[in-house]
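I wanted to write down what I looked up, entry by entry.

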Amino acid sequence: MSSKPRAGINHKEYGVTSEGINVYLDVALRHVLKKNPKEESFTIKMTGGPDGDVAGNELKILHREYGENAKVVGIADGTGCAEDPNGLNWAELLRLVLNNLPIDHFDPLKLGDGGVVHKVDTESGVKARNNMHNRVQADAFLPAGGRPNTINVQNYKQFLNLDGTPSAPLIVEGANLFVTDEARQLLFEEAGVIIVKDSSANKAGVITSSYEICAAMLLSEDEFFENKSQIVNEVLEKLHQYARLEAELLFREFENYGDLHCLDYRAHLPKTMSDLAFDHVRERVPSQYITNAISSCLASKLVYKEGTKFVETLPKEKLATVALRYLEAEHKVALLMKALEGTDMPAQEKEAIAKLLDSGGARTAIGVF
């Protein structure tokens, strides 16, 4: 559907995949490097050009969210690579994105001291492009384009410096299969590289496609088009919410256990889509699809809010009952939080109570610890 101007959500136009990737990057920077990217500078190297879907949108999001704090020290695509140890000029990068131009169009006059543009029309340029992701030093590496299995068991050591430290301690996989499973494990074991896998980092595009399917079943093309702006904004809000929930869970469990591995259908839907067509769900959406969506949302909520260990410790025969009780408790907590908004008390105290209710209210209510 994303190819249909009226009926779909164009993934490149709205940058849906990159929106999710950047949430994982943000959380990873805070947990792995202990940096607040809103307040501190950080360096990043990328594969994938400014004219690409994932890389181009990621550049726009990096600048939107962090401004000059985000220093892109290297970018490589099919045409070459550009490098600058002090960060590539943002105005020039955004010019390339806006005009859908690859990295070999980067103006060398916009480079700082030590900056360089390599093009693949020379043998040395090809070599520089091919090893940029290994050679350039950065806080984080974001593969947002490139060939599958680029980093593999035969060449993973090229990602390491001579002293065995990694050229980037953090990898957030925007591109599918850029690093093989074996290389991921070896980079982690031998150099401590923390890697957010592609299956988590770039799933926002897939989630968006699922909402497009929901829209096709629930809304007419005219209904969707007339409300498209609001629906897209709500989908983006949900993408950020889901990505942050999962990212925070992954790093929380990694730090706690050393392993980085709705709740009804109405809650699953963007608000505008639900308001327009929820009354028609039963007649327009297959029952199995509804069941799967509710099950997926409920399972995700339990895991994201309480952690995998909470779910794993529950007896299998009681899991369904606990899940339903948890859902009921969440509804009650939501009502309490709504009531709290109207109380007359200092804002700081109100916020503290709301945080306690949100973080542990449902689990406390069902008496499972």
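Here are my entries, starting with the ground rules.

**Ground rules.** I am working with a predicted model, where local features need pLDDT of at least 70, side-chain atom pairs count only at pLDDT 80 or more, and totals for chains, interfaces and linings use all residues. I number residues from 1 along each chain as its sequence is written, and side-chain values use heavy atoms, with hydrogens and water left out.

Entry 1: I looked up the strand order first. Seven strands make an open sheet with mixed pairing, in the order S4-S3-S2-S1-S5-S6-S7. Strand S4 (116-119) and strand S7 (194-196) are at the edges with a single partner strand each, so one side of each has no neighbour in the sheet. On average, neighbouring strands here are turned by 15° against each other, direction ignored. (Those angles are between lines fitted to C-alpha atoms, and in general run from 0 to 180 degrees between N-to-C directions.)

I noted that two strands count as paired if DSSP finds at least two bridges between them. S1 and S2 pair in the parallel sense, over six bridges. Lys45 has Gly74 in S2 as its bridge partner.

**Entry 2: helix H3.** How far does H3 reach from its first C-alpha to its last? Helix H3 (residues 53-66) has 14 residues and spans 20 Å, close to the 20 Å expected at 1.5 Å a residue. The expected span is 1.5 Å times one less than the number of residues.

Next I checked burial. I call a residue buried under 20% relative accessible area, exposed over 50% and partly exposed in between, with a 1.4 Å probe and protein chains only. The buried residues of H3 include Val54, Leu59, Ile61, Leu62 and Tyr66. Among the elements that cover the buried residues of H3 are helix H2 (16-32), strand S1 (42-47), strand S2 (70-77) and helix H4 (90-98).

**Entry 3: a charge without a partner.** I stopped at Glu58, which sits in helix H3. For a salt bridge I need a side-chain nitrogen of Lys or Arg within 4 Å of a carboxyl oxygen of Asp or Glu. Glu58 is buried and has no salt bridge, and the nearest side chain of opposite charge is Arg64, 8.0 Å away. Here Lys and Arg count as positive, Asp and Glu as negative, and His and the chain ends are not counted.

What does Glu58 touch, then, leaving aside neighbours within four places in sequence? I find Ser18, Ile21, Asn22, Leu25, Met46 and Leu142 in contact with Glu58, where contact means heavy atoms within 4.5 Å.

**Entry 4: charges with partners.** The count comes to 16 salt bridges.

- Arg30 and Asp26 meet at 2.6 Å, N to O. They are four residues apart in helix H2, about one helical turn. Arg30 is partly exposed at 30%, whereas Asp26 is buried at 4%.
- Lys271 and Asp275 have their closest N and O atoms 2.8 Å apart. Both belong to helix H12 (residues 271-277), again separated by about one helical turn. Lys271 is exposed at 55%, and Asp275 is partly exposed at 46%.
- Lys355 and Glu351 have their closest N and O atoms 3.6 Å apart. They lie four residues apart in helix H17 (residues 347-366). Lys355 is exposed at 54%, while Glu351 is partly exposed at 45%.

I also jotted down a network of salt bridges that links Glu19, Lys38, Arg64 and Glu65.

Entry 5: Most residues other than glycine have a negative phi. Which way does phi go at Lys34, positive or negative? Phi of Lys34 is positive, near 55°. Lys34 is in the loop between H2 and S1 and is exposed at 57%.

Leu177 has a positive phi too, about 65°. I found Leu177 in the loop between S6 and H6, partly exposed at 47%. Thr180 is in the loop between strand S6 (170-172) and helix H6 (181-191). Thr180 is buried at 11%. Not counting residues up to four places away in sequence, Thr180 touches Asn149, Ile151, Asn152 and Val153.

How values were computed: Helix = DSSP H or I, 4+ residues; strand = E, 2+ residues; numbered from the N terminus.
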